[in-house]
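Terms are given with their cut-offs where they come up.

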Amino acid sequence: MKKILTLTLKELLLTSRDRPALVLVIIAPLALMTVLGLAFGRGDKLSPVPVIVVNQDHSEVGRKLVEQLQRDSSELLVITESDDLAAAYKSVDDDKVAAAVVLPDLTSHAASTSGDPARIDIYCNPARAIGAGVVKTIFARTAERISNTRLGTSVTIGQLLATGRLEPRDVQAFAPGLGARVAASFGQERVTLRERSGAAAPADAQTNMLGYFAPSMAIMFLMILMMSPSRSILSERDNGTLDRLRATPTSASELMAGKMSGMMVTGLAQMAVLVAISSIVLGVRWGNPAGVALLIVLLVTSIGSMGLALSTLSKTLSNANTVGTTVLMILSVVSGNFIPRSSFPTWMQKIGYIGPNAWGIEGFAKLSHGGAARDLVPETIALLTMTAVFFILSVMGFRRILR
Amino acid sequence: MAFIVETRDLVKRYPGAAHPSVSGITFGIAPGEIFSLLGPNGAGKTTTISILSCLLAPTSGDALVAGHSVKSDALAVKRAIGVVPQDIALYPSLSARENLRFWGQMYGMSGKPLRTRIDAVLETVGLRDRADERVEVYSGGMKRRINIAVGLLHRPQVVFMDEPTVGIDPQSRRAILDMIGALNAEGMTVLYTTHYMEEAEELSDRIGIIDGGKLIALGTQSELAGMVGRDDLIELKIDAEHTAPPLLEAMAAVQGVKSVTAADGVVRLLAEDGQAALAELIGVANAHGAKVAGVTVKEPHLEAVFLQLTGRALRDE
C-alpha cells in the first residue's frame, strides 16, 4: 500500500512539474468553456424542452398538479396537455417532443386500498436524450412529492376507517373532498419544497450554453489528460524507468495499481479544480454536490481505464499517441463535446453512447437541472461497465508489457 | 568458494531468434569482488544482467543472488541487488534529491534513515551541492552519477552496473571509475559490464570475456593474458584503401604472425615476437603500396586475448 501511495504521489508531482500539461488540462478547458459559452451567449438559453402530459386524473388534484408544473417549469419545459395517449406517443416517435408523461388518476389511487403504487409513465424520446433527462428529473421530483401527499391521504382514510368514523361504502364519495384538501396543501408543499431544494433558483443560469459547455469541456480535457502518452506506462518503458521500477522489490500488481491510482488521482484533481474554478469564476451551476462527485469519480475511472487500456495495448508510444488522438477526436464529436447531440441525426446520437463522454454530459445535465445522485443510475451502470471492460484490457496489456 | 552471485548454465533464447542471446553461461562472483563482463555490443552482457535483475526469465539454467534463485525468489533477489542500467533511468523533471527519495521509498526506505542515506550517496557521487536542481538541467556525466547513486541508495549486497560510462566525457568517466573503486574498497561487490578493455583492466579482480552469448574466457587479468602466451599485439596504421585481403594474406604469411585483422585503417596482428616481425611486416606493406603511418607493439593483454579467442578485435564491433 505504501508503494502504491509513493507511485501515486510521484505521478502527481510529475504532473505538477509539467507546465505545458497544466496549461492543457486546466487553463485550456477554462478558456474554451468561457469562449464557447460567450460565443453562444451566456444568457442564451437552451430551448425549453417540449413535453406532452396526458392527465388521467380529471379531479382537482390532477388539474392543480399540471398547473403547478406549467408554472414552476416554464423555463425548462413547454407542457402541452392531451387526452389522447396514442397521439402523445406518436408525437414522441415523430421526434416532435422530448417525452410524453402519463399522470395516473391520483385521486382514485389515494382512495383505493389495493396498495399498488401510483405510477407516472414517461415515454422518452431517445433522440432528445438530454431533454428527456430533464423531463425525467423534474417528474421524478414530482412523483416523490405526490407519494408523500398520497401517503398522507391513505393514512388519513385508513385511520378514519379504523376508528369507524368513515364507512367503506363512503370512501369513494369522501376521497375527492379529501383530495381537494390535499391538493390545496400540495400546492403549499410544492412551494416549500422548491425553496428548500433551490428549484426556484434562476433556471436561466442552469440552462445556458456555458452550463452545457463547462462539463462538456471538462470531460474532453479529462480525456486528453488520461490518454496523454507522456504519462503512460509506455513512456516509462521508453525512459527506462519501468525496468528500474521492476528491479525494485515491488510486485507487478503494486506497480499497476500505483500507475492507475496516480492517473486517477491526477484526473480527480483536474476535475475538482475545473469544477471549483468554473463555479467561482464563471458562475457555472454544476448541481447536487454528491451527484457531481459521484459522476466525476465514475468518469475518471472509466476514462482513466480507457486511457490505460489504449496505452498498454499499443506497441509503441507513437502508436498510442495516434490511436489515442483518433479515439479522442471521434468520441468528442459523436458524444457532443462540441455540439449538443440533440442537433445530430438520431442514429448518430445513439453512437455517442459508445464512450464515457456522452454519459457524462447527460449526467451533468441532469444534475444541473436539479437531479441528484440517485438520478444517475443509467450513467452509473454504463460507466462502471466501461470501467470494468477497460480495466480488464489494461491488465492484459500491462502483463504483455511486463513480459 | 561461496559466491554471492552464481550463474548455472544460463540460457536465454528469444522467440523467433536464430541464436540464443545467452548460451550456457556459468560463473561465480565472490563477495567484495569486482567482476567484469567484457564483450562487444550484442555479446549478451545486458541480457545476463537483466536475468540476474529478474527482469528477464532464463530459458533454462538458473542464477543465484545472495543465495536466492532468480527463478523462484525474485523479490528476495531484488532486495539484495542495486541496479545501474545502461541508459539513464530517472525522472528529469524531479530534482536529484526527489529522484533519490522516490527510488529509496520503492526500496522500502523512509524517514530519517532515507534522508541520511540520500545525503551520503550524494556526497559519494559529488553532487550534494546541486541536489535540489532538476535532473533535466544536469550534464550527461552528472546524470550518470545520479543514475549510479540510485543503485547504491539502499546499501545493496551487490551492484549490477551495465556500461555506466557509455557516452560521457573522460573527466566524468574518471570520476565514476574512481567512485566504483572506492565503493569496492568499502566492501561492495560489483558486477560490471563494459566493452572498454581499459575499464575492465583497471577495475576488475576477475574478468569474463563474452561473445556471441557465450563466456569464452574467465579469470584474472594475468590468467587471461597467459592464454595468449608471450604473443605481442602489433597495430599498424595504414590507409584504409590499402588494407585489402592480398596485403592481409601476405602479412599472415610472415614468420611468427599468428592472426591478422583490419578495421578503420588499423591492421592488428598477434605475433610471437613483435619486434622481430615488425621490420618484415613494414616491408610487406610497402611492397603492396601501403604506407605505414604509425606502429604500436603491445605486450599481451585483454585485446590480444579477445583477438586470439574470436579472430576479431574488440573494437571491430
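A salt bridge is taken here as a side-chain nitrogen of Lys or Arg within 4 Å of a carboxyl oxygen of Asp or Glu. By that rule, one salt bridge is found across the interface of chain B and chain A, and the side chains of B:Glu98 and A:Arg17 meet in a salt bridge with an N to O distance of 2.6 Å.

The model is predicted, and local features need pLDDT of at least 70, side-chain atom pairs count only at pLDDT 80 or more, and totals for chains, interfaces and linings use all residues. Residues are numbered from 1 along each chain as its sequence is written, chains are lettered from A and ligands numbered from 1 in the order in which they are written, and side-chain values use heavy atoms, with hydrogens and water left out.

**The interface**

The size of an interface is often given as the accessible area lost when the parts come together. With buried area defined as the accessible area (1.4 Å probe) that two parts lose on being put together, summed over both, chain B and chain A bury about 2,200 Å² between them, and 63% of this lies on carbon and sulfur atoms. On the side of chain B, the residues that lose the most area to chain A are B:Leu55, B:Tyr91 and B:Met106, which together account for 30% of what that side buries. Counting contact as heavy atoms within 4.5 Å, the interface takes 28 residues from chain B and 21 residues from chain A.

A polar contact is a pair of N or O atoms within 3.5 Å, where, within protein, one must be able to donate a hydrogen and the other to accept it, and residues adjacent in sequence count only if both atoms are side-chain atoms. The rule finds 10 residue pairs in polar contact across the interface of chain B and chain A, both residues being at pLDDT 80 or more. Helices (H or I, at least four residues) and strands (E, at least two) are DSSP runs, numbered from the N terminus. In these terms, two or more residues each are given to the side of chain B that touches chain A by helix H2 (74-80), strand S6 (81-84), helix H3 (96-106) and helix H5 (140-152) of chain B, and the largest share, five residues, comes from H3(B).

**The sheets**

Two strands pair if DSSP finds at least two bridges between them. In chain B, an open sheet of four strands has the order S2-S1-S4-S5 with antiparallel pairing, and its edge strands, S2 (22-29) and S5 (68-69), each pair on one side only. The table lists strand pairs from both chains.

| Strand pair | Bridges | Sense |
|---|---|---|
| S1(B) and S2(B) | six bridges | antiparallel |
| S1(B) and S4(B) | five bridges | antiparallel |
| S4(B) and S5(B) | two bridges | antiparallel |
| S1(A) and S3(A) | five bridges | parallel |

Within the sheet of chain B, B:Glu6 stands opposite B:Gly28 in S2(B), and B:Arg8 has B:Asp62 in S4(B) as its bridge partner. S4(B) and S5(B) form a hairpin with two residues between them, and B:Ala66 in the turn has a positive phi of about 50 degrees.

In chain A, four strands form an open sheet in the order S2-S1-S3-S4, and the pairing is mixed. Strands S2 (77-82) and S4 (121-124) of chain A stand at the edges with a single partner strand each, so one side of each is left without a neighbour in the sheet. The twist averages 20 degrees from one strand to the next, where axes are lines fitted to C-alpha atoms, for helices over the stretch in contact, and angles run from 0 to 180 degrees between N-to-C directions. Helix H3 (residues 60-72) of chain A packs on this sheet, touching S1, S2 and S3 of chain A, and its direction makes about 175 degrees with that of S1(A).
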